[in-house]
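The following paragraphs lead the reader through a two-chain complex, from its fold to its interface. Please keep the model open while reading.

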Amino acid sequence: MSADELVKRAKNGDSQALDALLERHLPMVYRFVSIRVGREHADLDDVVQETLISAARSIGSLRAERDGAVPAWFLTIARHKVADHFRRTPERTEALDARAATEGPDVQEIVSERDRGRRLRDAMRQLTPEQEEVLVLRFVLGFDGEQTAAITGRTVGATKALQHRGLASLEMLLLSQTGEWR
Amino acid sequence: MSDELSPTEQELADQLSELAVNPSAVDRDKIMRAVRTAVRAPAPADRWRRPWRLVAAATAVVLVVITGAVGVLAATSQALPDSPAYNLRYAGEQLRLVVASPVDGEQLRIQFARERFHQAQLVAHENRSDAKRLIDDGSNYLDQTRRDLRSLSADEQGQVQNQLNQAGQDQKAAEDQLNQQGDQG
């Protein structure tokens with residue numbers, strides 16, 4: 001069944017259609033939340049759940065007239081839930097850092113890997129919101145150029161320009177942090 | 001678009017992709033089960049999250065209660081003593097007396113008494129016992145006002161006394177009519 005048909009039925013109270021709509025967008029929401037809160041974060045599942053529950057309860061507000069409106073709607077809700085999460089529980093890294101100082105190479109490797117991810121996420125947050133949005137859609141969520149343009153409501157050319165500027169800024173930010181980013 | 005990336009851009013894109021993680025089948029099942037359970041259950045927290053909604057709901061409840069109470073009291077304001085609604089009429093009057101100021105309370109008693117005297121005249125020819133009870137209850141209201149009169153200021157006493165005199169005339173007219181009906185019976 002098409003996404004449009006699912007949305008239409010879900011808005012008319014069809015619980016099976018609503019369920020299918022949520023399940024279809026769960027992987028996208030999961031990847032989006034995981035890049036924001038961290039893939040190992042204990043609250044990752046909770047934030048995804050909150051996003052889908054909120055989506056289910058506000059399905060009546062979904063306007064799916066244009067292409068890309070449905071994923072854009074889910075991502076907007078997810079963005080708000082991630083913001084709520086950070087208001088409740090600011091990022092904490094001290095405990096693992098302390099363990100890394102005293103324990104073996106396994107923990108150090110985890111910390112090192114995690115630090116690379118954290119640096120990348122920090123650099124992403126310093127991009128303009130438009131650049132960050134395009135990079136997430138393209139390279140984290142796997143949308144192609146036309147889909148990204150539809151979701152963001154921009155032309156393909158404008159999306160492409162944002163992508164290139166975003167990647168260039170990201171490289172500069174990572175280089176300025178550590179002198180190398182690879 | 002992806003194939004137009006430079007090697008450096010491609011490497012960054014790959015790292016970005018690795019930042020995120022896909023849900024396992026177990027994760028997906030667990031999340032969907034929790035979502036289904038939550039969606040099926042009512043959502044009081046969401047419903048009352050915004051304070052204005054709570055205020056609006058409380059206001060609506062109060063309005064319904066007030067409207068209902070006013071409606072009931074209005075419907076019972078003409079109830080006769082042989083009707084069960086007469087007790088409601090009396091209770092409603094007592095409620096109004098409780099919240100009124102002293103002088104307003106005395107004026108209300110006089111108003112309740114006069115309403116009974118007028119009503120007694122209307123029903124005297126067909127329901128003598130109701131008419132008599134109405135006159136008695138109206139007289140009781142006037143007696144209470146006469147007892148309380150001294151607790152009011154001089155100006156208020158004068159004002160209430162004038163109304164008492166008018167109510168006394170209504171009482172006499174009602175009693176006369178009741179007596180005439182008795183004579184005719």
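A residue is taken here as buried when its relative accessible area is under 20%, as exposed when it is over 50%, and as partly exposed in between. By that rule Glu93(B), at 5% relative accessibility, counts as buried. The model in which this residue sits is a predicted one.

Confidence comes before detail. Chain B averages a pLDDT of 83, and 88% of its residues score at least 70. Chain A likewise averages 83, with 84% of the residues scoring at least 70. Within chain A, helix H3 (residues 44-57) has the highest mean pLDDT of the elements, 94, whereas helix H5 (residues 94-102) has the lowest, 51. Where pLDDT is low, predicted coordinates should not be read in detail. For the complex, the predictor gives an ipTM of 0.78 and a pTM of 0.55.

Chain B contains eight helices and zero strands. Of its 185 residues, 32% count as buried. Among the contacts in chain B with a separation of 6 or more, 62% are accounted for by residues 24 or more positions apart.

Arg89(B) and Glu93(B) form one, with the closest N and O atoms 3.7 Å apart. Both residues belong to helix H5 (residues 85-99) of chain B and are four residues apart, about one turn of the helix. Arg89(B) is buried, its relative accessible area being 3%, and Glu93(B) is buried as well. The other pair is Arg114(B) and Asp170(B), whose closest N and O atoms are 2.5 Å apart. Because Arg114(B) lies in helix H6 (residues 102-123) and Asp170(B) in helix H8 (residues 154-184) of chain B, this pair ties together parts that are 56 residues apart in sequence. Arg114(B) is partly exposed, at 24% relative accessible area, while Asp170(B) is buried, at 12%.

Attention now turns to the interface. Here 32 residues of chain B are in contact with 38 residues of chain A. The area buried between the two chains is about 3500 Å², and carbon and sulfur atoms give 65% of it. Eight residue pairs are in polar contact between chain B and chain A, both members at pLDDT 80 or more. On the side of chain B that touches chain A, helix H1 (7-19) and helix H2 (25-40) of chain B each supply at least two residues. The residues of that side divide into 18 nonpolar, five polar and nine charged.

Arg36(B) counts as partly exposed, at 27% relative accessibility, and Glu23(A) is partly exposed at 27%. A network of salt bridges links Asp19(A), Glu23(A) and Arg36(B). Lys30(B) also forms a salt bridge with Asp45(A), the closest N and O atoms being 3.1 Å apart.

The loop between H1 and H2 of chain B holds Asn22(B). Apart from its neighbours within four places in sequence, Asn22(B) is in contact with Tyr30(A) and Arg31(A). With Arg31(A), the contact includes a polar one between the two side chains, at 3.2 Å.

Methods: Residues numbered from 1 in each chain as written. Chains lettered and ligands numbered in written order. Heavy atoms only, no water. Contact = heavy atoms within 4.5 Å. Buried area = accessible area lost by both parts, 1.4 Å probe. Salt bridge = Lys/Arg side-chain N within 4 Å of Asp/Glu carboxyl O. Polar contact = N/O pair within 3.5 Å; in protein donor to acceptor, adjacent residues only side chain to side chain. Nonpolar A, V, L, I, M, F, W, Y, C, P; charged D, E, K, R; others polar. pLDDT = per-residue confidence, 0-100. Buried < 20%, exposed > 50% of the residue type's maximum accessible area, 1.4 Å probe, protein only.
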